[in-house]
Amino acid sequence: MNIKNAIKNFNELEQLQNAYHYTMGITNFDGNTVAPKNSYKARGLALSVLSGEVYKKFINKEVKELLAFLKENEKELNFLMTKKVDRYIEDYEKTSKIPMNEYIEYTKLQNESNHAWEEAKKNNTYETFAPYIQKMFDTNKRFATYRDNTKKPYDILLDDFEKGMEMKDIDNFFNYLKKEVVPIIKYSVKEYKGIRDDFLTRKFPINKQKELSYILTDILKMDRNNFTIAESEHPFTTGLNNYDVRFTTHYYEDMIASSFYSTMHEAGHAIYGLNHGMELNGSILLGGASNGIHESQSRFYENLIGRSKEFINYIYPTMVKLFPDQLADVTADEFFKAVNKPKTSLIRIEADELTYSLHIMVRYEIERMMFEDDINVKELPAIWNSKYEQYLGITPPNDTKGILQDVHWSFGLIGYFPSYALGSAYASQFIAKMKETVNFNKEMAKGNFTNINKWLKENIQKYGAIYTPKELIQKACNEEFNPKYYCDYLKNKFTSL
Ligand code: ZN
């Protein structure tokens with residue numbers, strides 16, 4: 001093998017992978033939006049055949065040798081190419097260390113477990129799902145040990161979703177929150193009961209809500225030729241390349257804030273996808289640095305912009321034009337307060353900005369205990385409930401509204417939750433740095449997103465997955481991840497509402 005041939009082979013491999021990724025991405029998007037309900041079986045079959053092909057094409061002796069050769073001759077490669085090779089090697093190691101038969105068993109288990117979860121949630125029968133939680137944790141622990149038996153299994157799983165983050169980093173983050181945020185919640189919930197939010201559940205015509213979605217993306221300077229908005233129960237974004245990003249939102253007549261903030265949130269993910277450097281198109285380095293960094297961009301647009309006083313003052317006259325009857329007796333300030341009103345709730349996905357991260361903390365602490373303390377799954381509901389009481393001051397009346405609410409564990413997504421909370425914390429650190437050079441509040445008050453978007457693009461978005469979250473934060477902010485910014489932001493906002 002010579003280096004020229006190796007690079008040629010690598011480029012072909014990359015194109016092939018991109019083609020699979022593109023096709024499967026569109027198929028999934030279609031399946032979650034416009035496909036008829038009964039299409040799932042044929043789609044599932046087609047996708048499983050494609051996944052099998054991907055495995056065969058990318059996990060084999062030739063690819064292993066090619067990657068090893070390129071790594072040995074790293075000096076001959078340009079910067080981007082070294083990053084791509086490292087990423088392929090990493091993915092190769094991850095996948096190839098799990099024996100094929102155990103992997104197939106695991107995908108079967110995922111299906112069964114997800115089904116068991118749906119039933120248990122519907123019927124409030126935790127005991128029927130508990131054995132699956134046990135199996136999911138056991139299997140993931142075993143897989144992590146196959147991959148690297150010198151590290152703690154839970155650290156390996158955390159690293160899958162947020163590269164470079166270990167228990168000690170996440171512990172530090174949540175300890176900070178516990179000290180700084182839990183006391184505000186205890187104070188604020190009673191304090192803010194008087195804020196009026198009755199008008200948010202009036203009837204807002206859906207066609208007008210749809211109009212609003214496009215008004216918002218226009219204000220955010222998104223090019224309508226490069227993205228589309230579809231609808232789904234759980235909003236999500238599929239980013240294929242700089243010219244093709246699709247996201248979804250949902251519309252409920254009596255929940256105006258729901259589509260407004262789903263659109264702002266997913267628009268943030270979409271803008272990230274649209275702003276990757278052109279040189280990353282078609283490569284493994286598309287898709288963002290991590291779940292947490294992706295979530296930092298979506299929450300930036302949803303919360304730091306969408307729930308700010310300046311932006312609401314700016315957008316409010318447009319909203320009054322769209323919904324003259326519904327908002328006739330409501331001021332911009334009342335709207336601002338209503339969409340920020342903190343309330344302790346049992347359900348994570350309905351949580352407000354202030355309490356959201358504490359929902360995540362409960363899940364993190366339980367996952368950590370499952371790995372480190374060897375607790376029995378039978379004890380989990382009681383542990384869950386006592387943590388809700390401790391941090392949020394409420395106790396779930398049943399397991400459906402408690403430990404059974406999230407889908408993640410049923411699929412074996414363990415170590416995923418912290419990235420949601422980290423996203424919010426990263427966003428606060430980015431905004432603090434941005435404010436050194438961009439007059440953020442003033443620009444937002446004028447609905448001018450040129451400089452704000454440019455800062456995010458130049459410091460974060462254009463790099464795609466070239467850097468790890470830690471490297472990216474260091475580069476953008478000139479310091480390491482610091483949860484202080486997030487706690488300060490929450491304290492400032494929620495003690496002056
Ligand atoms: Zn998101």
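**Exercise 1. How much space lies in the second largest pocket, and which residues lie nearest its centre?**

The model is predicted, with local features needing pLDDT of at least 70 and side-chain atom pairs counting only at pLDDT 80 or more, while totals for chains, interfaces and linings use all residues. Residues are numbered from 1 along each chain as its sequence is written, and side-chain values use heavy atoms, with hydrogens and water left out.

Step 1. The second largest pocket holds about 500 Å³ of space, where a pocket is an open set of points on a 1 Å grid over the protein atoms alone, where a 1.4 Å probe fits, with protein on both sides within 12 Å along at least five of seven lines, and lining residues have an atom within 4 Å of a point.

Step 2. Its lining comprises 22 residues, and those nearest the centre are Lys435, Asn441, Tyr489, Asn492 and Lys493.

Step 3. Two or more lining residues come from each of α11 (291-305), α12, α16 (418-434), α17 (440-445) and α20 (484-495), and α20 gives the most, with six residues; helices here are DSSP runs (H or I, at least four residues), numbered from the N terminus.

Step 4. Sorted by class, the lining has nine nonpolar, six polar and seven charged residues, with Ala, Val, Leu, Ile, Met, Phe, Trp, Tyr, Cys and Pro counting as nonpolar, Asp, Glu, Lys and Arg as charged, and the others, Gly among them, as polar.

**Exercise 2. Describe how α12 packs on α13.**

Step 1. Helix α12 (residues 309-322) and helix α13 (residues 332-340) have axes 9 Å apart, at an angle of about 120°; axes are lines fitted to C-alpha atoms over the stretch in contact, and angles run from 0 to 180 degrees between N-to-C directions.

Step 2. α12 and α13 are therefore oblique to each other, given that angles under 35 degrees count as roughly parallel, over 145 as roughly antiparallel, 65 to 115 as roughly perpendicular and the rest as oblique.

Step 3. From α12, Lys309, Ile312, Asn313, Tyr316 and Met319 make the contact with Ala332, Asp333, Phe335, Phe336 and Val339 of α13, where contact means heavy atoms within 4.5 Å.

Step 4. These contact residues of α12 and α13 divide into seven nonpolar, one polar and two charged.

**Exercise 3. Find the relative direction of α1 and α2.**

Step 1. The axes of helix α1 (residues 3-32) and helix α2 (residues 40-58) lie 11 Å apart, and the helices pack at about 160°.

Step 2. That angle makes α1 roughly antiparallel to α2.

Step 3. By class, the contact of α1 with α2 has eight nonpolar, five polar and three charged residues.

Conventions: Grid points are joined across faces, edges and corners, and a volume is the space filled by probe spheres set on the points.
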